[in-house]
Amino acid sequence: MSQVCDVTGKKPRFGKQLSHSHRRSSRRWDPNIQTKRYYLESERRWIKLRLSTKAIKTIDKRGIESVVAEMRRNGKKV
């Protein structure tokens with residue numbers, strides 16, 4: 001399953017793990033992705049989104065209707 005946020009577009013980042021002896025190995029940092037259900041009052045239906053915790057805070061602040069409208073303007077299917 002992809003680790004990409006539907007709202008912010010956050011995805012895994014890659015870098016190096018540095019040990020005590022300074023041997024480097026590859027690793028990845030995954031975003032904190034949660035699956036949330038929201039009710040769209042205007043369409044009278046539930047939607048399920050994969051969101052980062054930052055996106056959940058954005059929805060709490062701005063509201064689900066405005067966030068979904070912006071997602072649709074950017075070409076995402078909801």
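**Entry 1: a salt-bridge network**

I began with charges and found Glu43, Arg45 and Arg72 linked in a network of salt bridges. The rule I used calls it a salt bridge when a side-chain nitrogen of Lys or Arg is within 4 Å of a carboxyl oxygen of Asp or Glu. This is a predicted model, in which local features need pLDDT of at least 70 and side-chain atom pairs count only at pLDDT 80 or more, while totals for chains, interfaces and linings use all residues. Residues are numbered from 1 along each chain as its sequence is written, and side-chain values use heavy atoms, with hydrogens and water left out.

I then looked at the contact of Glu43 with Arg72, where the closest N and O atoms of the salt bridge are 2.7 Å apart. Glu43 sits in the loop between strand S3 (33-40) and strand S4 (45-52) and Arg72 in helix H2 (residues 64-73), so this pair ties together parts that are 29 residues apart in sequence. I take helices (H or I, at least four residues) and strands (E, at least two) as DSSP runs, numbered from the N terminus.

How open is each partner? Glu43 is partly exposed, at a relative accessible area of 31%, and Arg72 is partly exposed too, at 37%. My cut-offs are under 20% relative accessible area for buried, over 50% for exposed and partly exposed in between, with a 1.4 Å probe and protein chains only.

**Entry 2: the other salt bridges**

How many salt bridges does the rule give? The count comes to four. A reminder to myself: side chains of opposite charge can pair when their charged atoms come close.

Arg62 forms one with Glu70, and the closest N and O atoms there are 2.6 Å apart. Arg62 is partly exposed at 41%, and Glu70 is partly exposed at 31%.

Arg28 forms another with Asp30, with 2.8 Å between the closest N and O atoms. I place Arg28 in strand S2, where Arg28 is partly exposed at 40% relative accessibility. Asp30 is partly exposed as well, at 47%.

Next I turned to the strands. S1 and strand S2 (residues 24-29) pair in the antiparallel sense over six bridges; I call two strands paired if DSSP finds at least two bridges between them. Leu18 has Arg24 in S2 as its bridge partner.

Is strand S1 (residues 13-18) largely in the open or largely covered? Of its six residues, the number buried is zero, so S1 lies largely in the open.

Five residues lie between the strands of this hairpin. Among them I noted His22, which has a positive phi of about 70 degrees although it is not a glycine. Most residues other than glycine have a negative phi, which made me stop here. His22 is found in the loop between S1 and S2 and is exposed, at a relative accessible area of 51%.

Thr35 has Arg50 in S4 as its bridge partner.

Which residue in the turn of this hairpin has a positive phi? Arg44 does, at about 50 degrees, in a hairpin with four residues between the strands. Arg44 is not a glycine either, and at 67% relative accessibility Arg44 counts as exposed.

**Entry 3: a positive patch**

I finished the charge survey with a positive surface patch formed by Lys10, Lys54, Lys57 and Lys61. Patch residues have over 30% relative accessible area and no salt bridge, with like charges joined within 9 Å and nonpolar side chains (Val, Leu, Ile, Met, Phe, Trp, Tyr) within 5 Å. Lys and Arg count as positive and Asp and Glu as negative, while His and the chain ends are not counted. The place of a charge is NZ of Lys, CZ of Arg, CG of Asp or CD of Glu. Accessible areas come from the Shrake-Rupley method with a 1.4 Å probe.

I looked up one member, Lys61, which belongs to helix H1 (residues 53-62). Lys61 is exposed, at a relative accessible area of 75%.

**Entry 4: near the start of the chain**

Ser2 lies in the segment before S1 and is partly exposed, at 48%. Ser2 and Tyr38 are 36 residues apart in sequence, and their C-alpha atoms are 20 Å apart in space.
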